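Welcome! Take a moment with the sequence and the 3D view, and then let us walk through a few spots together.

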Amino acid sequence: MRPTLVFCIFALSLTYIKMKRLFLITLLFTVICGCFAQTEKITVERIWDDFSFYPRGVAGYTAMPSSDYYTVVKRGGIERYAFETGDRIDMLLSNSNLERLSDGTLNMGRLSGYSFSKDEKNIILAFDEESIWRRSSLAFYYVFNIEKQTLKMVADTNTKLHFADLSEDGQKVLFARDCDLFIQDLNTGAITQITHDGQPNAILNGYADWVYEEELDMSQAASWSPDGSKVAFLRFDERRVKEFTMPIYDELYPTDFTYKYPKAGEDNSLVDVYIYDVLNKSLTRVNLGDNTNCYFPRVYWQPNSRDAIILKLNRHQNRLDFIRYNTVTKQQDVVYTDENDKWLDVTDDYYFLSDGKTMIVTSERDGFNHIYKVTLGGGRVQLTSGNWEVNGIKFVNEKKKLIYYQSNESGVLNRDLYVINFDGKKKKMLSSGDGWNESSFCPTGNYYRNQYSNLNTLPIYTIRNASGKELRVLNDNHVVKETMDQYGFQPRLFLE
């Protein structure tokens with residue numbers, strides 16, 4: 001018997017005999033129980049084989065692009081639900097139907113991701129995805145037509161693709177394979193090759209090199225115009241970039257992997273912006289001046305499908321020009337410039353309004369990241385201010401002139417959701433002001449999925465309306481929390 005236990009029993013007996021200080025009996029009984037009580041032991045297998053302590057999300061959650069529905073992936077297939085009521089509407093693609101249409105070669109267990117065409121008639125499905133770098137991957141892609149209940153493989157080949165992107169009308173798909181870009185007509189199946197000079201470690205068309213992916217947060221570098229008539233893409237010429245070799249430990253003996261890796265101060269890829277006209281099958285290089293020491297981290301389309309907004313960043317990364325390029329007249333002008341004495345961050349917080357004259361952006365020009373309303377080619381108005389950071393713009397409701405954004409205004413350890421008017425007034429917090437929120441709005445802006453957690457709360461996924469009202473809980477991770485309690489996990493504290 002352990003010495004601690006012997007001592008506890010002896011003390012309890014002595015106290016009982018003397019019948020004194022009864023409160024001590026209770027105290028020592030608690031000690032004895034503590035001697036016997038043991039929590040389960042954490043094992044490597046429970047951590048990495050069973051993932052017992054790993055919080056779960058909501059599998060395959062996707063907001064539909066034009067209606068107030070969302071979809072999730074369950075064992076039986078892709079199901080559609082109503083945001084407002086949470087009612088299950090239907091099964092868009094069942095696992096049994098997927099197996100039937102693919103002659104038994106595909107199932108939901110192989111599904112890596114999916115997205116919808118804007119008209120919600122087609123779903124593009126990615127299977128057997130394998131990572132390349134942090135953001136890039138290869139996968140097999142298929143297009144499922146919901147109305148016709150048909151399944152077509154993109155490119156009809158056993159070669160995996162870097163990406164596959166549906167046009168908004170759902171009639172064509174843009175994809176990258178073997179360093180070149182292609183368009184497939186889904187009605188006829190005809191494939192048009194846009195570029196012909198792609199070569200590994202030399203020329204990459206439509207997807208990013210290592211520098212752009214790692215430092216500028218991008219992988220796919222090609223996009224449809226809203227009307228599907230044009231494609232804008234980046235061409236990376238890596239031939240002057242020095243190579244780096246590293247061992248890959250995937251077998252008993254490692255293999256060498258060589259790729260283009262520019263170290264600090266060395267030559268980067270030469271990058272050009274191209275516009276492809278789908279109807280005329282013509283390819284135009286946009287003349288943006290010297291490209292030896294700059295980056296083109298983003299290309300956006302204006303709603304008119306005629307003007308492209310090309311971002312040009314200098315090598316020091318402290319000046320970012322927004323260049324408007326007219327694909328018809330071939331004219332261009334700088335419509336906005338963001339500058340910083342030290343360094344500025346390229347984000348995805350650039351929202352171009354339908355008037356073609358206004359955009360909503362974030363900038364650190366006053367020392368903190370805040371929201372500005374910019375008139376293209378004109379002035380700017382700061383909408384938020386203070387000694388705190390805007391972490392990101394989550395949705396811009398142009399019709400109601402509202403901007404939803406996240407910030408740490410309530411505390412440096414928090415991230416809360418706010419809404420503010422286009423004039424910078426009537427700011428309102430929509431979250432609790434305690435903990436970390438990550439909000440994902442549906443394209444209509446009427447609802448959003450919120451992920452909440454704090455230091456001692458596992459992620460809780462909820463559906464909320466645009467006013468911040470909780471409509472339902474999708475997942476509160478209570479099973480993982482109960483498992484953690486069984487293992488005696490203790491609350492965490494911040495120490496100053």
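The model is predicted, so to speak of local features a pLDDT of at least 70 is needed, side-chain atom pairs count only at pLDDT 80 or more, and totals for chains, interfaces and linings use all residues. Residues are numbered from 1 along each chain as its sequence is written, and side-chain values use heavy atoms, with hydrogens and water left out.

Let us start with Asp 209, found in the loop between β13 (203-205) and α5 (210-215); helices (H or I, at least four residues) and strands (E, at least two) are DSSP runs numbered from the N terminus. Asp 209 is buried, meaning under 20% relative accessible area with a 1.4 Å probe, protein chains only. Contacts are heavy atoms within 4.5 Å.

| Asp 209 and | Detail |
|---|---|
| Arg 240 | nearest side chain of opposite charge, 9.4 Å away |
| Tyr 212 | backbone nitrogen 3.0 Å from a polar side-chain atom of Asp 209 |

Beyond four places in sequence, Asp 209 touches Leu 204, Phe 236, Glu 238 and Ser 269.

Tyr 212 also belongs to the largest nonpolar core, which has 57 residues. Such a core is a set of buried Ala, Val, Leu, Ile, Met, Phe, Trp, Tyr and Cys residues joined through side-chain atoms within 4.5 Å. A second, separate core of 19 residues includes Leu 93 and Phe 140.

Finally, an open sheet has the order β29-β30-β31-β32, with antiparallel pairing; strands pair if DSSP finds at least two bridges between them. Strands β30 and β31 pair over six bridges, and Tyr 405 stands opposite Tyr 418 in β31.

Definitions and conventions
Buried means under 20% relative accessible area, exposed over 50%, partly exposed in between (1.4 Å probe, protein chains only). Lys and Arg count as positive and Asp and Glu as negative; His and the chain ends are not counted. A salt bridge is a side-chain nitrogen of Lys or Arg within 4 Å of a carboxyl oxygen of Asp or Glu. A polar contact is a pair of N or O atoms within 3.5 Å; within protein, one must be able to donate a hydrogen and the other to accept it, and residues adjacent in sequence count only if both atoms are side-chain atoms.
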